[in-house]
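Let's take a walk through this structure together. Have a look at the picture first, and then we'll go piece by piece.

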Amino acid sequence: MDAAMAAFVAVIAGYTATVLVILESLLGLNWKYKAWTGVAGIGVAALASVIAVATGVHAEHGSVFSVDWLPSLGVKFALRVDTLSAIMGLVVAVLSLFIALYSVEYIGEWGASRYWIFYTFFVSSMLLLVYADDLIAMFIGWEGTGISSWALIGFYFDDREEAWVGDPGRKRLGVPMWFTPTHSALRAISFTRVGDIGMLIGIGVVYALLGTVSISALAHESSALVPLVVKGIAAIWLILFYLGALAKSAQFPFHEWLVTAMTGPTSVSALIHAATMVKAGVYFALRLTPILAPALIAYASVKEAYTGLAWLSLFTAFATATMALVARELKLVLAYSTASQLSYMLAAVFAAAAAGHAAEGVFGGFAHLVSHAVFKATLFLVAGAVIHAVHSRYMDDMGGLKKYMPLSFAAFLLAALSLAALPPFSGWWSKDAAVHAISLMSHEAAMFALITAVLTAIYTSRMLYYVFLGEYRGHGHPHEPGKLMLYPYFILGIASLGLGLAWPWIEHYIALAAGLHEVEAEMGLMVMGTAASILGLSTIALYMRGLRIDIESSPTLRTIKDFLYDRWFLNAIIYRVIVYPGKRFAELLSVVERALDRLAHEAIPAVGLFLIKRVHIVENVYDTGLQTSMPSQVAILSEKVRSLQSGDMRDYLTYFVVGVVLAAVISAFVIIT
Amino acid sequence: MASILGDPVTTVEAGIVVATLFYMFTSLVTPLLGSKIARLSLYVSALVSFIILAYLGYSTIAGVNYVKAFGGAILLDQFALYLLIIGMMVVGLGSLATGGVVDKWESGEAYYAVIGLLALGVLAAGLAGSLYMAYVAWILVAVSSYVLVALYKDNTSAEAAMKYAVMGSVATILLLLAVQLYYGSTRSSSIGAQVLVSDKALLLPIIALIIVSIGFKMGVVPFHGWVVDVYGNIKPIVVSMISAMAKIFAVLLVVKLIIPYASAAPFVLLSVAATLSVFTMFLGNIGALTTIRDSPQKLLAYSSIAQAGYLIMGIALLAKVPGVDNKAALAGIALHTAGYALSKLASFTVLDVYCEYPECKWKPLRGLLWRDPVAASALVFALASLMGMPPTLGFWGKVYIVKAAATANPLLAVLLVVNFVIAAFYYGYLIYQLFQPLEDSEYQAAKPRIRARAALVAAILTLILGLVPTIAYGLTVYGYTL
């Protein structure tokens, strides 16, 4: 099997599982069948992705699978396996498999049909997005992931309170700051939709200029985009084209959707909202920036656009890291952290592109993407087990769990140290690569990234302390989860250390994916990065010694804390400026609608009634026909039909003979004429 | 892809021998071993035959359109292969579904053995390359059908079987006569041989006799007398199998026998078959519409007559009249028969779960969707296919038949469409009953039974196969004449 065929199998496997789960639900089978069908489908996809890597990772120009899809628009169902998509596909499919195993026990019976239908649909859509060599095919996968994300964020559609995000009753600027699953699901799909529209416009421009939406063709003819610069719209087009990626990968101000997406089941948060789907935006940038930037970067407006995008990402990384410092909910800390780390990846890509070294950016961004996928999935899966064990999503109710859940603690610790970028964990290597890419743009940017790295280490140690160290503050008796939940994240935890140890070998493939021949490392930056990590992590000592500042007693500190806790008031501002005015506009429209409604349902019928009274003589005749004559005719007909079917054999044989005679007569007639 | 055995003829011969041996074992040995083993053996036979036929379709027939084996006694083409594969699906699903019911009958093991013979008869009809084989197939199917009808030992079944057998013997005599004249006109016992005689006076009775005798098997008016009494009165589970298999059998045989005469005397075929078709469609549909209050089983029995009318129209359109789209007619026949077999299997099986034998009533079906969604959705999908809703098999069958009819005579196309509209009323009424709100607690919510699940699989197959009609259309290339 060649690599592209394997990719095709990987994409189809999950969709097949989706269909099977739907059939099983219709047949009313036990939930376990559905769960294991889902796992099996994803298992096949994972196997196929391994084959795709084994056969395609060294392919010079990639391996292509292509059939016509919409011939009239030149859209092809084209899949392409090169080093980048092969590794990305492997990460997606293998993590999906681990998390699917975890979900079998975590989700259980309630909602199993919905869960497995959308879970398998998600995995296939994500793989389609990854392997696609056609912008439209990619966009279809992209939207497939969006719709599954919507369905799974709102998984608990009964809006049970333990699935909420935020503190019930808390308001900022009069805007409620707690979110139910159904509300969050709608937020997620509306926020990302804004970006998707931009992306669709961007694709339209590509089609208009090149007459094709093939990514390979775009790579060969990227100079065809130069007319955009001449018309002075290159920068605007670029930002629109990247807008879908910015929204999907939770860049300011779109990060709001990701934060409240934590209402979904934790397995979903781990897979979709940490390890894979939110990486789709980064992947889009990794795939297209090396095509677009070299062709256009010579023009000042494009360079400025990339610089601006890089600073936006750096700002997002910093802002969400500050929010993570004060969050009380475990999943929320991880969500902020995800947004922050995604921003590192995008910042690396954009900054290096602005500096004219796109390949370096892809190297840094992709390295961090791979390592982050593994350790963040681990953190989320452990968080799911912990929240389940203590029956609370607040870190206030945790603490001291090291004693009760030692294996979970070990997995969490390994992943957390990777997040804090401590050597020799994978996060250390990849964050250094990202910071190196950022430093190509300017030293200020690199410093800013390092400050954020310190914050990352601080919130990591805070989370680690509040959940696993100190004294247990909750009620009940926490314990380790079942094997099916424990093993997946334990293996992934070990993997985040293993990846770090094997990094020099892995680095080679990531460099190959980036098209980089040798990897440069800057000693000074590495030392500073390590120092930042150690500095941040050392704050755990303060916690251990019991040294804490009483924030509530100082008005200044409390104001700062509330500002961060309420996400820089950004949610409140968005609701005040966009959502509520939009609602009032909708109310205004409903007044117009009611008027039209009255016209249609009252005024026009009134006229009609008036007319009907005038013609009621005709109406009477019609009525008699319909109500009396026709039924009696039908009754007579019915009687006749019944009498034909007398049940008497002799009658039937008579018909038979009549039929034979009829056939003979017709034949004779035909022959004579 | 190369065959395992190299030579296509050897592959076909080996496959046929294996399938026959399996069915013979089921029919002759397993009744001695009890009904459970008989059922299992029937299921395995169907599965093995399905795999063999699918393999032949995929590897052997795909390139060559048709293969003659056993010195011409066997003729396998793509059209027959497609319907035989559907037939094996029907037998497999049918044997899966009936476990809990038939096993408890006094003569349960005989049921499976006789279905084995029935399946063998259908296989023989699909594979027949000579007139002898065709006649053997006819006898196998005829006798096993009468036995099946009589198998549930009560007065209703006995009366129905008697009527079926008496009319069947008349039809058998007519077929025998047709076969003799056939031999006379070609001087050869092989099917598809060149018609030598140019005397229209001899060709006239051949076509008429073939249409009449096989029309009886399909339920074409006015040879339909038995249909309502058999399909409408006896145990629905038996009907589910007979109605599906008899239609597949009749279509396989009539297409084989009639095609040489479709070019020798096209106008005779077109006039006789189309006239009978018009009578059949109208009597079937109006009968169903006017007996709507009696029982859902009667309604479906009349609908079987109407569906036979659509099929015989397809047969009429095989006539080699210039301008008539024979290919569309053949594709329509194949798709429509497949859709009919699967959806009748599904709908009669569901009736078997909810009909209170011996009188099938409406009440248990009312609001079925809320009580047993599996059974109800099976019925909805099956009726959708019978009604001709896109994209089911029933839809594609009707589309192709109407397309062919329009090329022959627009009036025929109009009559077909008028009948589809009439039929929509009573199928719609049946679906409407399923969606009624629950009114009383007389009937409790039921756990989906194995019969309902098998019915749902059959019904969904009409939908899934309907999604790939182009594949089916490709399969319906009739080897040697069209």
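Before we start, here is a term we'll need: a residue counts as buried if 20 or more other C-beta atoms lie within 10 Å of its own. Keep in mind, too, that this is a predicted model.

Start with helix α5 of chain A, which runs over residues 135-153. Its 19 residues reach 26 Å from the first C-alpha to the last, close to the 27 Å expected at 1.5 Å a residue. How many of the residues of α5(A) are buried? The count is 16 of 19, so by the cut-off above α5(A) is mostly covered.

Now hop over to chain B and look at a pair of helices. Two packed helices are described by the angle between their axes and the distance between the axes. Helix α12 (residues 296-316) of chain B packs against helix α17 (residues 410-434) of chain B at an angle of about 160 degrees, and their axes are 11 Å apart. That angle is why α12(B) counts as roughly antiparallel to α17(B). The crossing of α12(B) past α17(B) is left-handed.

Which residues meet there? On the α12(B) side they include B:Leu299, B:Ala306 and B:Tyr310, while α17(B) brings B:Leu416, B:Ala423 and B:Tyr426, among others. By class, this contact has ten nonpolar, two polar and no charged residues.

Finally, see where the chains touch: 25 residues of chain A are in contact with 30 residues of chain B. On chain A's side, α26 (616-644) and α27 (649-672) are the elements that give two or more residues. α27(A) gives the most, with 16 residues. Sorted by class, chain A's side has 18 nonpolar, six polar and one charged residues.

Conventions
Residues are numbered from 1 along each chain as its sequence is written. Chains are lettered from A and ligands numbered from 1 in the order in which they are written. This is a predicted model: local features need pLDDT of at least 70, side-chain atom pairs count only at pLDDT 80 or more; totals for chains, interfaces and linings use all residues. Two residues are in contact if their C-beta atoms, placed from the backbone, lie within 7 Å. Helices (H or I, at least four residues) and strands (E, at least two) are DSSP runs, numbered from the N terminus. Ala, Val, Leu, Ile, Met, Phe, Trp, Tyr, Cys and Pro count as nonpolar, Asp, Glu, Lys and Arg as charged, and the others, Gly among them, as polar. The expected span of a helix is 1.5 Å times one less than its number of residues. A residue is buried if 20 or more other C-beta atoms lie within 10 Å of its own, exposed if 12 or fewer, and partly exposed in between; C-beta atoms are placed from the backbone. Axes are lines fitted to C-alpha atoms, for helices over the stretch in contact, and angles run from 0 to 180 degrees between N-to-C directions. Angles under 35 degrees count as roughly parallel, over 145 as roughly antiparallel, 65 to 115 as roughly perpendicular and the rest as oblique. A crossing is left-handed if the near helix is turned anticlockwise from the far one by less than a right angle, and right-handed if clockwise.
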